[in-house]
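Keep the structure open beside you as you read.

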Amino acid sequence: MRQQSLKKTIMLKGVGLHSGLESELKIHPAAENFGIVFKRVDMPQAALVKGLYTNVVDTRNCTCLSNADKAVVSTIEHLMAALSVRGIDNALIEVNNPELPIMDGSGKMFYDALKAAEIETQNAERKQLKVLKKVSFTDDKGNTASLEPADEFSVHMEIDFPSKIVGHQVFDAPITPEIFATEIAPCRTFCEKYQVDYLRSIGLIKGGSLDNAIVLDGDTLLNPDGFRVKEECVKHKVLDVIGDLYTSGYQIIGRFEGIKTGHYHNNELLKVLFSDKSNYEIK
Ligand SMILES: [Zn+2]
């Protein structure tokens, strides 16, 4: 299979989740072997920021990149997931502030825009990362994320949430464009009302609203239109996994498993994977 980019630039606009500032995103075509690379157009002197796990500097509320020039680009994961599933290997992504627009809190608008765009097939062969040995990362609470050999990319994810309307949810399936488009891309980020109240009190999530997140108040869902798909919460975590794993720089051939894991585990898992060349092969 050969590498792909876009034929033309795509533009998207929206607010940044934390800053509340209008954020403008341009996804430009790029040459083969360029990778997924971000540019802060409001910091013209700053170096480009490669969308790689080695540039991840914060995983608390989203996946946030930075470089030696402190050019921060945060909340990349939903766009990265859409790029990965659409098969975009090379793109230069310009953004005019530290946050990508949150859009509707899911990957749907990014994926729809990429799906509608014309693809440029390039000459260079795409390289994929095949997992050869099981690797895992366990946090101090005993929650584990792992990657193991398989013939295709699949994700197993489990969450356990105190709210009865979420509870225990499990997703387990290969990630195909069809499953992604219908089951995963539309799934919004979720949080509890007390977290919203706290984050607001410290000046964050100024752009957050029921238009871009699922908000739970105990056993009540505050969004008047309810969930978009069955078990939306666990599937949003799958969206995050797909985006975070694309910061490996490759499409991964292997099975991911995560039990109550998030951005932090995904990033640490990639560090474990790349710490020993016998864990994988690039082909
Ligand atoms: Zn997310």
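Helix α3 (residues 177-184) has buried residues, and among the elements covering them are α1 (77-86) and α5 (232-245). Cover here comes down to contacts, where two residues count if their C-beta atoms, placed from the backbone, lie within 7 Å. Before going further, note that this is a predicted model: local features need pLDDT of at least 70, side-chain atom pairs count only at pLDDT 80 or more, and totals for chains, interfaces and linings use all residues. Residues are numbered from 1 along each chain as its sequence is written. Helices (H or I, at least four residues) and strands (E, at least two) are DSSP runs, numbered from the N terminus.

So which residues of α3 are buried? They are Phe180, Glu183 and Ile184. "Buried" is 20 or more other C-beta atoms within 10 Å of a residue's own, "exposed" is 12 or fewer, and partly exposed is in between, with C-beta atoms placed from the backbone. As background, an α-helix has 3.6 residues a turn, so residues three or four places apart point the same way.

Now for the sheets. Strands pair if DSSP finds at least two bridges between them. β2 and β3 (residues 22-29) run antiparallel and are joined by six bridges, and Lys13 has Glu24 in β3 as its bridge partner.

Another open sheet has three strands, ordered β19-β11-β21, and its pairing is mixed too. Here β19 (251-253) and β21 (280-282) are the edge strands, each pairing on one side only. Three bridges link β11 (residues 128-131) to β21, and the two run antiparallel; Lys130 has Glu281 in β21 as its bridge partner.

Step back to the whole protein chain, and you get six helices and 21 strands. Buried residues make up 43% of its 283 residues. Among contacts between residues at least 6 apart in sequence, 73% join residues at least 24 apart.
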